[in-house]
Amino acid sequence: MKIMDILVNDAVILNLGVGSKREVLAEMAGALAKVEPQIEADRLLEVLQEREALQSTGIGDGVAIPHGKMAGLDRLVASFARSPEGVDFESIDRQATHHFFLLVVPEHSGGQYLKALARISRFFRDAAFRQQLTNAETQGDIIRAIAEEDTRL
Amino acid sequence: MNETVEREFTIRSELGLHARPAGEFAVMAGRFESEISVGNGREWVDGRSVLSLLSLAAGRGVELRIRATGADADEAVAVLGALLERSHAEIERSTAG
């Protein structure tokens, strides 16, 4: 699986507005819903918040992978957002979160979900990749960084 | 006294080692003094890093080795191994209840 096959380029957010955890999720859900007709922003926000209530998806190293299941979706979709200032996402290492990779999965995604998680985790484990995202000046820079990592790994 | 303990465990949950159990594993690993590594036969990764644990793509039936080095290595391997071997229903109960 390639990340570029599931990434919705137009939903990538270069700079999130400074905000709370909920505002980050709402902004990302809104951006994705705007370009992805199968997704309704309010419903996605609700699903994401339900998941966060179980355990924060802020997994440390400045990275969060908010995710949720949506009925009626016919494939995995993903987006990315960056917060230069950092957000308190209640991450497990209690550090601010800068990189958000959103994953929305169909109800019966089988092994695809685990594969997508593993692949994006490999990307983010690489400090050079995180630095590239930090240095990005345009939405295009971010998409290029992800596409390059997709080719490299 | 530092000892090293290493044992193999099988992922039982039908969803595999996904984000939530990986998060619980990393947090629990951080509670032990011992250094914790997890291996899948190809590589060893830091047991306290969720990114590293997720990158193993450990689906149901996959065998993972836990290696702990430190004063509490024995207990660490037993507790963390039990986390890996939980069923999906047990993982659901751990955080939903």
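**View 1. A:Arg22 lies in helix 1 (residues 21–35) of chain A**. Helices (H or I, at least four residues) and strands (E, at least two) are DSSP runs, numbered from the N terminus. This is a predicted model in which local features need pLDDT of at least 70 and side-chain atom pairs count only at pLDDT 80 or more, while totals for chains, interfaces and linings use all residues. Residues are numbered from 1 along each chain as its sequence is written, chains are lettered from A and ligands numbered from 1 in the order in which they are written, and side-chain values use heavy atoms, with hydrogens and water left out. A:Arg22 counts as partly exposed because its relative accessibility is 47% (buried means under 20% relative accessible area, exposed over 50%, partly exposed in between; 1.4 Å probe, protein chains only). Not counting residues up to four places away in sequence, A:Arg22 touches A:Leu45 and A:Gln49 (contact: heavy atoms within 4.5 Å). From A:Arg22 to A:Arg130 the C-alpha to C-alpha separation is 23 Å, and the two are 108 residues apart in sequence.

**View 2. Strand 2 (residues 35–39) of chain B pairs with strand 4 (residues 63–70) of chain B**. These strands run antiparallel and are joined by 5 bridges (two strands pair if DSSP finds at least two bridges between them). Strand 2 of chain B also pairs with strand 3 (residues 44–46) of chain B, in the antiparallel sense, over 3 bridges. B:Ser37 has B:Arg67 as its bridge partner in strand 4 of chain B and stands opposite B:Asp46 in strand 3 of chain B. Strands 2 and 3 of chain B form a hairpin with 4 residues between them, and B:Gly41 in the turn has a positive phi of about 95°.

**View 3. The largest cavity has a volume of about 70 Å³**. A cavity is a set of points on a 1 Å grid over the protein atoms alone where a 1.4 Å probe fits but cannot get out, and lining residues have an atom within 4 Å of a point. Grid points are joined across faces, edges and corners, and a volume is the space filled by probe spheres set on the points. The structure holds 2 cavities of 30 Å³ or more. Residues lining the largest cavity include B:Phe25, B:Leu83 and B:Arg86. Helix 1 (19–29) and helix 3 (73–84) of chain B each supply at least two residues of this lining.

**View 4. The second largest cavity holds about 40 Å³ of space**. Its lining includes A:Arg51, A:Ile92, B:Ala19 and B:Val50.

Definitions and conventions:
1 Å grid on protein atoms, 1.4 Å probe; cavity = no way out; pocket = protein on both sides within 12 Å on 5 of 7 lines; lining within 4 Å.
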